[in-house]
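Hi everyone, thanks for coming.

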Amino acid sequence: MFEKECFTIKRYKNLLQQGFHHYSKDKLQKDLLAGLTVAAVALPLALAFGVSSGADAAAGMITAIIAGLVIGSLSGGFYQISGPTGAMAAILMGIIASQGLAGVLVATFIAGVILLLAGLFKLGTLTSFIPSPVITGFTSGIAIIIALGQIDNFLGTTSVGDTAIAKLLSYRTDFTPHLPTLLLGLIILFILIFYPKKWNQVLPASLAVIILATIAAFIFELPVAKVGKIPTSLLTNERLDLTTLNLSVIKQLFLPAVSIAMLGMIESLLCGASAGRMTGKDLDSNQELIAQGIGNIILPFFGGIPATAAIARTSVAIKSGAQTRLAGIFHALFLFLSMIIFAPVMSQIPMSALASVLLVTSWRMHEWSTIKTMIRQKNRTALLLFSVTMLSTIIFDLSIAIVIGIIFSCIFFIAKSAKISIITEEIDWQRIKLPPSAAGSDWAVIYITGPLFFMSTNQLKQELDQVVDKEGLIFSLRGVPSIDLTALDTFADYFSIAALHDQKLVFTSMQPEVEKQFQQLWQKKADRPIQHPTVAHALHALHQEY
């Protein structure tokens, strides 16, 4: 472990040296501007995601500030901007409903430890084992959970239940929208939808509508729910106390912590992969996991909720000209200053305005281009994986949804792999430019393509039963990448049948690993089948015998 730590520190030093090589005043100005721009985008989202998680706006702000400072400093890519995200908020809703904020703080700490260990043990490539439709599915599932979780704030209603589905079902007994809240939410939603894109470069839409909603609520004295008190300190009253950690609490919150860690890993590494393509500089995935781990270990002690790298904010940082990781640190400092200066104003932000921002955010979270491509290409397997994962995310939770998605992916892959191609042809001497001969008149060439394993042996048996009366068979196994014991047993059984019928067997074009497996089988037999490098060699040898 000590060697791993030394290597990690050395790797991080190299990242800093590369990032700040030839750093100049011009680059500093670009980092400052990028940090300010990202802060303008992050401010309303931090408040909104803090509220949507079931905590409060203050928790969202603190998370964005601490994550920007700690994770931004240690990140595996200079462009990564971390903070509270919609996907994480969707998971936290259920945890807070059942365990309270205290449970979230403990789960965040445990998740941070898991992420740190994952980084130290170089598990940064694990996300590559998750199929794309599964990732798209759980992203859409999370987006739907976020949208469902904002119905109360958008309509001014009250629901009950530990999950988004349970809350939705509770509306059957009591559903009375609050008219002022609904009208304000609709107006804000309308503005967000039709907000000119070119204005975003000057004033982000989410920040603009929150300012407008706060002013409108103040001028017209609207009787709508507000965000409430925003502290001017980074230390909240409810934060993690190590004395609350014991084996019983850890056991109880371990699975939720795994879900948080898995999402943190997936979101951060996918964000880094996307940002890496934009900048041309690859993310150090293991260093990123270490940064996320340390950040999430520290956050609960300030009263923060889990943080991950955020694709939208990272994209804004890159497009705003971020040069180094200082852009993320500056964004955190600007957020801290805004909290100190504008806390009284932020406390008056209408909840329906934040709900509108989150509804639009959840809509944009769906990977619509990918979904449209799957539909256009009529890729039934991908669509089924997407649908199963999305529904599992909504009904269960992220970790279960991903497991279900991966299991279904494996089943579909195995089922598809089970389909092998077996073509049986009579010998045609003219095709290989040999003179006509009586040789091979009762022979056949069998071309097999695809992996031979337990699920394809039934098809193999059926084909072999059709050629058992032939004088001889030439097997071409060029297209067989692998073979398992069940398929080998099928061939072993056929060798016995062929011996009873005095049938000659020739094997050609075998892959090295497949040939190795057959050699082990043939060691047990006195009359080994003939081998040739290709079908052409086998046919020439057969032609010369006559």
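Let's start at Gly35, which is in contact with Ala327, Phe330, His331 and Phe334, leaving aside its neighbours within four places in sequence. Contact here means heavy atoms within 4.5 Å. Gly35 lies in helix H2; helices (H or I, at least four residues) and strands (E, at least two) are DSSP runs, numbered from the N terminus. At 0% relative accessibility, Gly35 counts as buried, and buried means under 20% relative accessible area, exposed over 50%, partly exposed in between, with a 1.4 Å probe and protein chains only. From Gly35 to Ser52 there are 17 residues in sequence and 25 Å in space, C-alpha to C-alpha.

Quick housekeeping. This is a predicted model, where local features need pLDDT of at least 70 and side-chain atom pairs count only at pLDDT 80 or more, while totals for chains, interfaces and linings use all residues. Residues are numbered from 1 along each chain as its sequence is written, and side-chain values use heavy atoms, with hydrogens and water left out.

Okay, on to the cores. A nonpolar core is a set of buried Ala, Val, Leu, Ile, Met, Phe, Trp, Tyr and Cys residues joined through side-chain atoms within 4.5 Å. In the largest one, which has 110 residues, Leu47 and Ile142 touch the most other members. Helix H4 (residues 86-120) supplies the largest share of this core, 18 residues. There is also a second, separate core of 29 residues, with Ala487, Ala492, Tyr494 and Phe507 among them. As background, nonpolar side chains in soluble globular proteins tend to be buried together.

So who does Ile142 touch? Not counting residues up to four places away in sequence, Ile142 touches Gly86, Ala87, Ala90, Leu263, Met365, Thr393 and Leu398.

H5 (132-149) is largely enclosed by the rest of the structure, because 13 of its 18 residues are buried. Its end C-alpha atoms are 26 Å apart, which agrees with the 26 Å that 18 residues should span at 1.5 Å a residue. The expected span, by the way, is 1.5 Å times one less than the number of residues.

H16 (380-395) has 16 residues that should span 22 Å, and its end C-alpha atoms are 22 Å apart, so that agrees. Its buried residues include Leu385, Phe386, Met390 and Ile394. Among the elements covering the buried residues of H16 are H5, helix H7 (164-170), H15 and helix H17 (398-417).

Then H19 (residues 485-500): its 16 residues should span 22 Å, and the end C-alpha atoms are 23 Å apart, which agrees. Buried in H19 are residues including Ala487, Phe491, Ala492, Tyr494 and Phe495. The cover over the buried residues of H19 includes strand E4 (443-449), helix H18 (457-466), strand E5 (472-479), E6 and H20.

Next, the largest pocket. On a 1 Å grid over the protein atoms alone, a cavity is a set of points where a 1.4 Å probe fits but cannot get out, and a pocket is an open set with protein on both sides within 12 Å along at least five of seven lines; lining residues have an atom within 4 Å of a point. The largest pocket has a volume of about 1800 Å³, where grid points are joined across faces, edges and corners and the volume is the space filled by probe spheres set on the points. It has 47 lining residues, and the closest to its centre are Ile311, Ala312, Arg313, Ser315 and Arg364. Which helix gives the most to that lining? That's H10, with 10 residues.

By class, the lining has 25 nonpolar, 15 polar and 7 charged residues. Ala, Val, Leu, Ile, Met, Phe, Trp, Tyr, Cys and Pro count as nonpolar, Asp, Glu, Lys and Arg as charged, and the others, Gly among them, as polar.

Most residues other than glycine have a negative phi. Lys378, though not a glycine, has a positive phi of about 55°, and Ser509, not a glycine either, has a positive phi of about 50°. Lys378 sits in the loop between H15 and H16, and Ser509 in the loop between E6 and H20. Buried or exposed? Lys378 is exposed, with a relative accessible area of 67%, while Ser509 is buried at 8%.
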